[in-house]
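The points below are grouped by topic and may be read alongside the sequence and the model.

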There are 2 protein chains.
Amino acid sequence: MAFKTLSAKAAAALDQELMSTGAFSIDQLMELAGLSVSQVVYRVHPLNKGKRILVACGPGNNGGDGLVAARHLFHYGYQPSIYYPKRSKNDLYQRLAKQLEDLKVPFVDDFPSAVKSTDHIVDAVFGFRFSGEVREPFPAVIKALEETKLPVTAVDAPSSWNIEDGPPVSGVGSKYNPDFLISLTAPKPLVKHFKSRHFIGGRFVSPSIAEKYDFEVPDYQGLDQFVEVGNGTEKL
Amino acid sequence: MAFKTLSAKAAAALDQELMSTGAFSIDQLMELAGLSVSQVVYRVHPLNKGKRILVACGPGNNGGDGLVAARHLFHYGYQPSIYYPKRSKNDLYQRLAKQLEDLKVPFVDDFPSAVKSTDHIVDAVFGFRFSGEVREPFPAVIKALEETKLPVTAVDAPSSWNIEDGPPVSGVGSKYNPDFLISLTAPKPLVKHFKSRHFIGGRFVSPSIAEKYDFEVPDYQGLDQFVEVGNGTEKL
């Protein structure tokens, strides 16, 4: 049985519904999404595997999730560093960055260099709203993600992949295969092309919302804000 | 060695600092505070001890923490119910209540009756801003909390206790001794009078803020958003 997935359009509608009739603020949702990302990193890359975590943040919500995850990772005892070249003027993102600055988390300017001195990478560049081309300065980031032998955890989508169709046929991102993927709220169609360890996070979806969008709330365990669901060819 | 505690005045200043120069929104802080409360309940009252959790919410931030905790408890598999007699017009609290309504979590009107059909109680009535008298309709709530044999988890303070001096000498609350207390960010002076299991939650305080307010960030473990610290007579 295949995954039930959410198209980019449905994911956007669900987000909108959570923040309107669902009465969630984006602060709340991003906090919980980023928390789930941090928990997955802790699971796949425990502290004894190396504390340095490089978080690549894009200009939108995916980058915001990465900023939140980095803060939690700091509190778990990791040493995060942040690559965040296109800072948004959005108040929330500015505040999330300030929270990291207050923890003395370093922001780095050169991603390909930073990759040489980290133990794990979080790809929070593009999420389900991505389409089209990878714009500057991100092609070099995707290239570094393709080439690195370090473990990479991607947030919601391997950046540069088409949300419906998966990896680009050629060019930037066509050889990018992160080791770990955490889908937020529900997997997107691209997971059919993802063959490694796959998690779902975002433990805030009500049963009625899940029913409306035709997916099932995954079987979260204990206090976990994430659940591992096998790769794209397996049953949820 | 005694606890380092935060006076009510210092706790208010710390809150204000987190939300101004600290760049946190109250949505974020309340989400993380309520999450830590839910994790303590899961620890002291696992699902197999009974799923029904009655959450008594006061009109302010302590009540808001309770509303957030109840939502997470629902997602863990509990059956929370909410007593929330003095609903604030504050937008955040209204949204937190709506999030529970969307999960079909019941709101009850009669606390003493509701106590008869639950397995555990969360006291989120008054927090560190409480002083003076317990106003209507809460005296009957405190009385029920004094008399119940059910386990009670208090959020930040046993409601009706003076933040500095502990339980009232006589009258409402003088015989109230909850089984569990979770102090948020740092213990308040009243913990000197609390002799049962004590936790700290709120894993978002930066080392520099803790230093400024002269307490230590507790030694949180793993992914836990709380840490158990023994009772008020023990070392942190």
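In chain A, strand S7 (residues 197–201) pairs with S8(A) in the antiparallel sense over 3 bridges; two strands count as paired if DSSP finds at least two bridges between them. Helices (H or I, at least four residues) and strands (E, at least two) are DSSP runs, numbered from the N terminus. This is a predicted model, in which local features need pLDDT of at least 70 and side-chain atom pairs count only at pLDDT 80 or more, while totals for chains, interfaces and linings use all residues. Residues are numbered from 1 along each chain as its sequence is written, chains are lettered from A and ligands numbered from 1 in the order in which they are written, and side-chain values use heavy atoms, with hydrogens and water left out.

**The sheet of chain A**

- The bridge partner of Ile200(A) in S8(A) is Val227(A).
- An open sheet of 8 strands runs in the order S3-S2-S1-S4-S5-S6-S7-S8 in chain A, with mixed pairing.
- Strand S3 (107–108) and strand S8 (226–228) of chain A stand at the edges with a single partner strand each, so one side of each has no neighbour in the sheet.
- Helix H2 (residues 26–44) of chain A lies across S1 (52–57), S4 (120–124), S5 (152–155), S6 (180–184), S7 and S8 of that chain, running at about 155° to S6(A). Such angles run from 0 to 180 degrees between N-to-C directions, with axes fitted as lines to C-alpha atoms, for helices over the stretch in contact.

**The sheet of chain B**

- Chain B has an open sheet of 8 strands in the order S3-S2-S1-S4-S5-S6-S7-S8, and the pairing is mixed.
- Its edge strands are S3 (107–108) and S8 (226–228) of chain B, each of which pairs on one side only.
- Strand S7 (residues 197–201) of chain B pairs with S8(B) in the antiparallel sense over 3 bridges, and Ile200(B) stands opposite Val227(B) in S8(B).

**The interface**

- The contact (heavy atoms within 4.5 Å) takes 32 residues from chain B and 33 residues from chain A.
- About 2,800 Å² is buried between chain B and chain A, with carbon and sulfur atoms giving 60%; buried area is the accessible area (1.4 Å probe) that two parts lose on being put together, summed over both.
- In chain B, Gln28(B), His75(B) and Leu223(B) lose the most area to chain A, together 21% of what that side buries.
- Across this interface the rule finds 0 salt bridges, a salt bridge being a side-chain nitrogen of Lys or Arg within 4 Å of a carboxyl oxygen of Asp or Glu.

**Salt bridges**

- Over all chains, the structure holds 26 salt bridges.
- One of them joins Lys4(A) and Asp214(A), whose closest N and O atoms are 3.7 Å apart.
- This pair links distant parts of the chain, 210 residues apart: Lys4(A) is in the segment before helix H1 (8–19) of chain A, and Asp214(A) is in the loop between helix H7 (207–212) and S8 of chain A.

**Backbone features**

- Most residues other than glycine have a negative phi, and most peptide bonds are trans.
- A cis peptide bond joins Glu136(A) and Pro137(A), with omega about 5°; Pro137(A) is in the loop between S4 and helix H6 (138–147) of chain A.
- Glu136(B) and Pro137(B) are likewise joined by a cis peptide bond, with omega about 0°.
- Ala23(B) is not a glycine, yet has a positive phi of about 70°; Ala23(B) lies in the loop between helix H1 (8–19) and H2 of chain B.
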